[in-house]
Amino acid sequence: MKFASFPFNRPRRLRKTQIIRDLVQETHFSVNNLIAPLFILDGENIKQEINSMPGVFRYSLDLLMKEVGELIKLGVNNFALFPVINKALKNQTAEEALNPFGLIPQAIKTIKKSFPQAILISDIALDPFTSHGHDGLVNEFHEVVNDKTVEILCKMAVCHAEAGVDVVAPSDMMDGRISKIRGALDSGGFSDTLIMSYSAKFASSFYGPFRDALSSNLVFGDKKSYQLNPANALEAEKEIEIDALEGADMLMVKPGLSYLDIVYRAKQITKLPVIAYSVSGEYSMIKAASQNQWLNEKEVVFENMIAFRRAGASGVITYHARQIAEWLSS
Ligand code: PBG
């Protein structure tokens with residue numbers, strides 16, 4: 001496209017007043033685009049602030065219900081659930097992940113009972129339940145084994161579906177898990193349960209505060225044999241295409257901000273909705289800077305939301321969800 005040259009063309013004419021700027025604004029976001037992560041722990045009457053994530057709490061189910069009710073009042077209807085598992089229940093083989101009376105199935109049932117319209121998304125991976133903190137089973141050589149892990153993930157997905165979850169979100173990065181989980185859900189009678197695949201999940205240090213939140217820090221090794229190398233965009237495209245072919249309903253890119261190019265690529269190469277996960281480290285950076293009055297929190301959070309939408313994200317999982325909803329409604 002050719003533009004007439006200055007002085008005939010003056011792009012600033014389109015930016016002259018707020019009203020004209022609003023008219024030509026290309027991207028928007030609303031409360032509908034928000035997914036709120038929730039940390040759940042065992043017990044009663046507990047609301048514990050996470051040290052490395054000021055303003056984010058772990059809730060026992062009774063107080064979580066109050067939080068969910070308030071979020072729904074604010075217009076946030078999508079929730080990603082994460083369990084904080086007692087150390088005594090963690091082991092090498094992650095049995096607790098399949099407990100139908102475990103924290104997550106219980107939370108799903110209780111929330112759905114009071115708020116049937118809420119969309120509940122459960123994380124499918126073993127790291128909250130393993131004593132070593134890896135997302136899968138580990139063999140005697142400290143390798144994370146693929147196919148045996150996928151078998152457990154399938155059972156875990158069915159367990160959550162039985163409790164009534166709307167969306168399962170495999171975050172483990174094992175090979176072949178999407179088609180296997182789809183198959184397991186379908187044979188279990190859950191053909192309407194959606195799969196939101198963490199397709200392009202990178203081995204990132206931005207997950208640090210989350211691992212504190214869950215006490216799921218690694219006892220040995222790192223996650224680089226399953227999560228993607230931050231340097232590789234083509235490999236991310238490959239994972240995205242494979243998950244789309246295997247039957248994922250939605251794709252996720254994670255972390256968010258440093259990987260907006262991957263969000264954009266996912267949008268270009270598939271027709272699926274893409275979700276960006278603005279992870280714990282992104283939240284903590286903004287919080288720390290704004291608590292020091294180095295940044296205007298609301299303005300940078302809104303700017304980031306627009307950036308996610310501009311890159312092509314339909315939804316954003318963000319620890320700022322509640323604050324964004326409050327800012328939007330005030
Ligand atoms: C578990 C999982 C992680 C996150 C979401 N699901 C941690 C990890 O992979 O180590 C990170 C979320 C965040 O940092 O906010 N598989």
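I call a residue buried when its relative accessible area is under 20%. I note at the start that this model is predicted.

**Entry 1: Lysine 223**

I looked up lysine 223 and found a relative accessible area of 5%, so it is buried. I placed lysine 223 in the loop between helix 6 (208-214) and helix 7 (233-246). Which residues does lysine 223 touch, not counting residues up to four places away in sequence? I listed Asp127, Gly133, His134, Asp135, Arg211 and Leu218. I also checked a distance: lysine 223 and threonine 193 are 30 residues apart along the chain, and their C-alpha atoms are separated by 28 Å.

**Entry 2: The whole chain**

I counted 11 helices and 10 strands in the protein chain. The radius of gyration is 21 Å, close to the 20 Å that the globule rule gives for 330 residues, so I wrote the chain down as being as compact as a globular protein of that length. Along the principal axes, the C-alpha atoms fill a box of roughly 70 × 45 × 40 Å.

I then looked at burial and found that 54% of the 330 residues are buried. I found 35 positive and 38 negative side chains in the chain, with the centres of the two sets 9 Å apart.

**Entry 3: Helix 2**

I turned to helix 2, residues 61-73. Its 13 residues should span 18 Å at 1.5 Å a residue, and the end C-alpha atoms are 18 Å apart, so the two values agree. The buried residues I found in helix 2 are Leu61, Leu64, Met65, Glu67, Val68, Gly69, Leu71 and Ile72. What do the buried residues of helix 2 pack against? I found strand 1, strand 3 (53-60), strand 4 (78-84), helix 3 and helix 11. Just after helix 2, I saw that glycine 75 has a positive phi of about 100 degrees.

**Entry 4: Helix 4**

I did the span check for helix 4, residues 146-163. The 18 residues should span 26 Å at 1.5 Å a residue, and I found the end C-alpha atoms 26 Å apart, which agrees. Among the buried residues of helix 4 I noted Thr149, Val150, Ile152, Leu153, Cys154, Met156 and Ala157. Others in that list include Val158, Cys159, His160, Ala161 and Ala163. The cover over the buried residues of helix 4 includes helix 3 (103-114), strand 5 (119-124), strand 6 (167-170) and helix 5 (177-187). Just after helix 4, glycine 164 takes a positive phi of about 110 degrees.

**Entry 5: Helix 10**

I looked up helix 10, residues 297-311, which has 15 residues. From first C-alpha to last it reaches 21 Å, close to the 21 Å expected at 1.5 Å a residue. I listed Glu297, Val300, Val301, Phe302, Asn304, Met305, Ala307, Phe308 and Ala311 as buried in helix 10. Those buried residues pack against strand 1 (34-41), helix 8 (260-269), strand 9 (274-278), helix 9 (280-291), strand 10 (315-318) and helix 11 (321-329).

**Entry 6: Backbone angles**

Where are the cis peptide bonds I noted? One joins phenylalanine 6 and proline 7, with omega about 10 degrees. I placed proline 7 in the segment before helix 1 (18-23). Another joins lysine 254 and proline 255, with omega about -10 degrees. Proline 255 is in the loop between strand 8 (250-254) and helix 8.

Methionine 173 is not a glycine, yet its phi is positive at about 65 degrees. I found methionine 173 in the loop between strand 6 and helix 5, and at 4% relative accessibility it counts as buried. Serine 215 has a positive phi near 50 degrees, and it is found in the loop between helix 6 and helix 7.

**Entry 7: Leucine 251**

Is leucine 251 buried or exposed? Its relative accessibility is 1%, so I counted leucine 251 as buried. I placed leucine 251 in strand 8. Leaving out residues up to four places away in sequence, I found that leucine 251 touches Ser197, Ser199, Ile240, Asp243, Ala244, Thr270, Leu272, Pro273, Val274 and Ile275. Leucine 251 and phenylalanine 129 are 122 residues apart in sequence, and I noted 24 Å between their C-alpha atoms.

Notes:
Residues numbered from 1 in each chain as written. Predicted model: local features only at pLDDT ≥ 70, side-chain atom pairs only at ≥ 80, totals over all residues. Heavy atoms only, no water. Helix = DSSP H or I, 4+ residues; strand = E, 2+ residues; numbered from the N terminus. Rg over C-alpha atoms; globule rule 2.2 N^0.38 Å. Buried < 20%, exposed > 50% of the residue type's maximum accessible area, 1.4 Å probe, protein only. Lys, Arg positive; Asp, Glu negative; His and termini not counted. Charge placed at Lys NZ, Arg CZ, Asp CG, Glu CD. Expected span 1.5 Å × (residues − 1). Contact = heavy atoms within 4.5 Å.
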